[in-house]
Amino acid sequence: MGGVVIGRVMAPGSAHGRALRLREPLSLWGGMDPASGEIIDARHPQVGESLSGRVILMAATRGSSSSSSILAEAVRARSAPVAILLGEPDLILAVGAAVADELYGIRVPIVQLPPESLEAIPDGAEVTV
């Protein structure tokens, strides 16, 4: 049983998948292999987990302006998350989602949620965006 949460749309689209809550911020640049979708940052507690096909829950990102290109490349490789739900806005990821939509016609919705709403989504829950 689920509920409806309203957030700030940073990149439009719709998606459905299983939630993956990241316990620490992640920069996609150097943190995710765009070919596989796997977390490759050796310092991240979830190194080895796959973001591919998942709805990613992140309180915050660890910025790099190159994260937009990694997201777009992961979309091209069909290894990207299906959606990203954030507690804080990240315009760099929104740019990557816009580029992927323009180049490949594939949307990765990115939505900023109030922190309490983001925290209320259980890890592993089926989420529709």
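Start at A19. Leaving out residues up to four places away in sequence, A19 touches R54, V55, L57, I121, P122, D123, G124, A125 and V127. Contact here means heavy atoms within 4.5 Å. This is a predicted model: local features need pLDDT of at least 70, side-chain atom pairs count only at pLDDT 80 or more, and totals for chains, interfaces and linings use all residues. Residues are numbered from 1 along each chain as its sequence is written, and side-chain values use heavy atoms, without hydrogens or water.

A19 has a relative accessible area of 0%, so it counts as buried. The classes are buried under 20% relative accessible area, exposed over 50%, and partly exposed in between (1.4 Å probe, protein chains only).

A19 sits in strand β2. Strands are DSSP runs of E, at least two residues; helices are runs of H or I, at least four; both are numbered from the N terminus. Two strands pair if DSSP finds at least two bridges between them. Strand β2 (residues 16-21) runs parallel to strand β3 (residues 55-58), joined by three bridges. A19 has V55 as its bridge partner in β3. Strand β2 also pairs with strand β6 (residues 126-128), in the antiparallel sense, again over three bridges. There, G17 stands opposite V127.

Now compare a distance along the chain with one in space. A19 and V129 are 110 residues apart in sequence, and their C-alpha atoms are 11 Å apart.

V99 belongs to helix α2 (residues 91-104). Its relative accessibility is 34%, so V99 counts as partly exposed.
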